[in-house]
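Here is a short briefing on backbone geometry and strand packing. Look at the sequence and the model before reading on.

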Amino acid sequence: MKYAISPPPQVSVTVRDSDSHFPVRRVYCVGRNYEAHAREMGKDPTREAPFIFQKPADAVVVSGSVIEYPPQTRNLHHEIEWVVAIGKGGFNISTDSALQHVFGYAVGLDLTRRDLQFAARDAGCPWEWGKAFDKSAPCSDIVTASAIGHPSQGRIWLSVNGVTRQDADISQLIWSVPEIIAFISSSMILQPGDLVFTGTPSGVGPLVAGDVVAGGVDGIGSVGITMAPTAAQ
Ligand code: MN
């Protein structure tokens, strides 16, 4: 194979207690998957079908990254999320067998340009510009399911400069991990390397340059970033 230009590097996340990396293919994100967060977004948290959006794989950056405040926004928000790493692909996966497709778990941030997201939402346009920008998906290392099993509860939290902003439990997900896997795979073929950000609890809020952000899911891992001023253009 001879490429006309250099192929882009494979994005990957480290696997805990391993010398191997998890290659990232796609990043699926679940919207409004905690009741209190749906309410703070001005929506009724009824159990309608989940909705999904994607971020590009190269939006994933490692925990500990310094992230320049992104362009075109004045309201960048943090969203702490439990992340599922798919190790075995499939189409029309049943909820009963869904967890067999999970390689492991991580903790991520669904960074959101909230002003752009809401402007798009109100105009009936795609969320893309609000959600799928560069470095919008910081992610921890992955702990394997073979190491910790398949958690269904655990505190999920986020702090900014040491002050807690988000504090909930992953047991409060409206749509469980098996249900999310079944739902996505009914529409798209899930493949090894896919990450699924499962949604954020309430308490989302703005970040500014200089903020030190830390978050985690107890029993799974932690993720942190530092916000820097907007990069010089
Ligand atoms: Mn989110």
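Which residues of strand 8 lie on one side, which on the other, and are they buried or exposed? Ile-80, Trp-82, Val-84 and Ile-86 sit on one side, Glu-81, Val-83 and Ala-85 on the other, and all are buried. The model is predicted: local features need pLDDT of at least 70, side-chain atom pairs count only at pLDDT 80 or more, and totals for chains, interfaces and linings use all residues. Residues are numbered from 1 along each chain as its sequence is written, and side-chain values use heavy atoms, without hydrogens and water.

**Strand 8**
- Strand 8 spans residues 80–86, and seven of its seven residues are buried (under 20% relative accessible area, 1.4 Å probe, protein chains only).
- In a regular strand, side chains alternate between the two faces of the sheet.
- Strands are DSSP runs of E with at least two residues, and helices are runs of H or I with at least four, numbered from the N terminus.

**Pairing**
- Strand 8 pairs antiparallel with strand 9 (residues 102–109) over seven bridges; pairing takes at least two DSSP bridges between two strands.
- Strand 8 also pairs antiparallel with strand 15 (residues 195–197), over three bridges.
- Val-83 has bridge partner Ala-106 in strand 9 and Phe-197 in strand 15.

**Positive phi**
- Asp-17 is not a glycine, yet its phi is about 55°.
- Asp-17 lies in the loop between strand 1 (12–14) and strand 2 (21–23).
- Asp-17 counts as exposed because its relative accessibility is 81% (the cut-off is over 50%).
- Arg-32, also not a glycine, has a positive phi near 45°.
- Arg-32 lies in the loop between strand 3 (27–31) and helix 1 (35–40).
- Arg-32 has 27% relative accessibility, so it counts as partly exposed (between the 20% and 50% cut-offs).
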